[in-house]
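I open this notebook to record what I looked up in the structure, entry by entry. Each entry keeps to one topic.

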Amino acid sequence: PSPASAPPPPSDPTPVPARVPMRTHPGFASASMVSQKIHDATRAAIRATRQEGNTLKGLRLARRMVVLAQQENSAPAELEALNFLAICQAANGDYMEAIAASIDAFDKAKKLQDQLGMAHALTTLAGAASFILDTLDVSLLMLDECLKFALILNNVALEARVRVLRGLVLGSLERFDESEAEFARAMQLIPFAGANTPRALVIGNHAHLAVKRARAAPASEQLPLWQRAQTQSDAALAVARTDGNHISESLLHFSRGELNRRLGKYDVALTEYREVMRFAKAAKQGMRIAETHFEIAHIYALRDSNEAALAEYQAALHVAESHRPMRLISPIYMAMAKLQRKLGHINQVAALQKKAEEEKTVFLRESEHTRRALNEFWRGLSAMPKQAAMVSTTATSAPLITPTVTPYATPTDTPFITPLQREHHR
């Protein structure tokens, strides 16, 4: 059936096992020999990153965790710290650093024979890779393995985290019913999921899935889907405010900006994006600031407020340039070229288009090392004996990460938020 006529997926009749996390604190490794200082730092970093939306604070605390673990000369503590450092790096938009930290954490967990640590590292890697490179197929294969181990290890916190990520990746692949099923299971696990997967983020992610379903539907069927997405978004925003989850609230405003723009409610959309900007500037989230300037510019261009649109594109470019490598830079130049063509400034169009192509090449060059490291990691993991690796034999034919850059039409094609913050730009 079409997206408009598709009924909601049936509820899963399978009862949720009465599983609890392997440890009562929010851990990313199996070992219990981790000091109280590391426990406290983990809790504080999770609260800053997953609740307050202060990703820079979370990143500072995560780095402090690594230093503490090294001072304690504790390999389990260092694994815990590395795993959470990778999560915080990705939440702050430092995706290449997150990939490197995830691979380091996986290697350390393998040496410690810590399957939970390996699974958390691979989960972070799957998400971070899909944020910046064209790796959705590989990411889904990684997450399949992580889900198997979450069930084998009887670890609810890991399972909830993996199911949210799987739901987002499947949604990006427009496999909406499968995505709905993952979110349904994740929401059943919320009471047991731990602070790293708070209910506001899960519900907010699910609300944005309705936006993606509406976006993908034929034009003639979109209106009721947008209205349904509005209702879901209203409910999710109420939860975020009740729970005091600022990161979920901010990203819901971003999602609602697209929703209202699609409905032609430009003034409402601008209000939503200004709320995003308020949160993003308070937390100094450069990537989100750049994206929000870009979205505001798009609305001004639709309203023929061309000078205001150009100013917003310039602001987006200024921020993006200071946070390289950023995939958004090339699309900003393309959008500026389109606007200059609309204004009749033909002599500027060619130069801007050339700059957009150059920036695309620069992004590929800047991400080459990360892409090569990912390929080596995935080849090595696939080649390991099944008993010694976290990967099944079916993964040996997994696609490699190619240097293709998918055009980044607008950031509204970006799903709402993964357990890290955002995912693959389609």
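**Entry 1: helix α10.** I began at G244, which follows α10 and has a positive phi, near 65°. Helices here are DSSP runs of H or I of at least four residues, and strands are runs of E of at least two, numbered from the N terminus. I note that this is a predicted model, in which local features need pLDDT of at least 70 and side-chain atom pairs count only at pLDDT 80 or more, while totals for chains, interfaces and linings use all residues. Residues are numbered from 1 along each chain as its sequence is written, and side-chain values use heavy atoms, with hydrogens and water left out.

I then checked the length of α10 (residues 222–243): its 22 residues should span 32 Å at 1.5 Å a residue, and the end C-alpha atoms lie 31 Å apart, which agrees. The expected span is 1.5 Å times one less than the number of residues. Buried residues of α10 include W226, Q230, S233 and L237; the term means under 20% relative accessible area, with exposed over 50% and partly exposed in between (1.4 Å probe, protein chains only). I found α9 and α11 among the elements that cover the buried residues of α10.

**Entry 2: helices α9 and α12.** I computed the same check for α9 (residues 199–216), where 18 residues should span 26 Å at 1.5 Å a residue and the end C-alpha atoms are 26 Å apart, in agreement. Of the 18 residues of α9, 15 are buried, so I record the helix as mostly covered by the cut-off for that term.

I turned next to α12 (residues 266–283), also listed with 18 residues; it reaches 26 Å from first to last C-alpha, close to the expected 26 Å. Its buried residues are A269, L270, E272, Y273, V276, M277, F279, A280 and A283. I recall that an α-helix has 3.6 residues a turn, so residues three or four places apart point the same way. The buried residues of α12 pack against α2 (55–72), α11 (246–262) and α13 (286–302). After α12 comes K284, with a positive phi near 55°.

**Entry 3: nonpolar cores.** Which residues touch the most other members of the largest nonpolar core? I found L122, L125, Y313 and I332, in a core of 74 residues. Helix α5 (residues 115–132) gives the most to this core, with 10 residues. A second, separate core has 17 residues, including I46, L59, A69 and L85. Such a core is a set of buried Ala, Val, Leu, Ile, Met, Phe, Trp, Tyr and Cys residues joined through side-chain atoms within 4.5 Å.

**Entry 4: aromatic pairs.** I counted three aromatic pairs. Rings of Phe, Tyr and Trp (its six-membered ring) pair if their centres lie within 6.5 Å; planes under 30 degrees apart count as stacked, over 60 as edge-to-face and the rest as tilted. The ring centres of F106 and F377 are 5.1 Å apart with planes at 85°, so I class the pair as edge-to-face. This pair links distant parts of the chain, with F106 in α4 (residues 95–111) and F377 in α16 (residues 346–383), 271 residues apart. F106 is buried at 2% relative accessible area, and F377 is buried at 10%.

For F294 and Y313, the ring centres are 5.6 Å apart and the planes at 55°, so this pair is tilted. F294 lies in α13 and Y313 in α14 (residues 306–321), so the pair ties together parts 19 residues apart in sequence. Both F294 and Y313 are buried.

**Entry 5: M336.** I located M336 in helix α15 (residues 329–342). Its relative accessibility is 4%, so M336 counts as buried. Leaving out residues up to four places away in sequence, M336 touches L310, Y313, Q314, L317 and L352, where contact means heavy atoms within 4.5 Å.

**Entry 6: totals and confidence.** The protein has 16 helices and zero strands. Of its 426 residues, 58% count as buried. Mean pLDDT is 83, and 81% of residues reach 70 or more; pLDDT is the predictor's confidence in each residue, from 0 to 100. I marked residues 1–26, where pLDDT stays under 50, and residues 392–426, where pLDDT also stays under 50.
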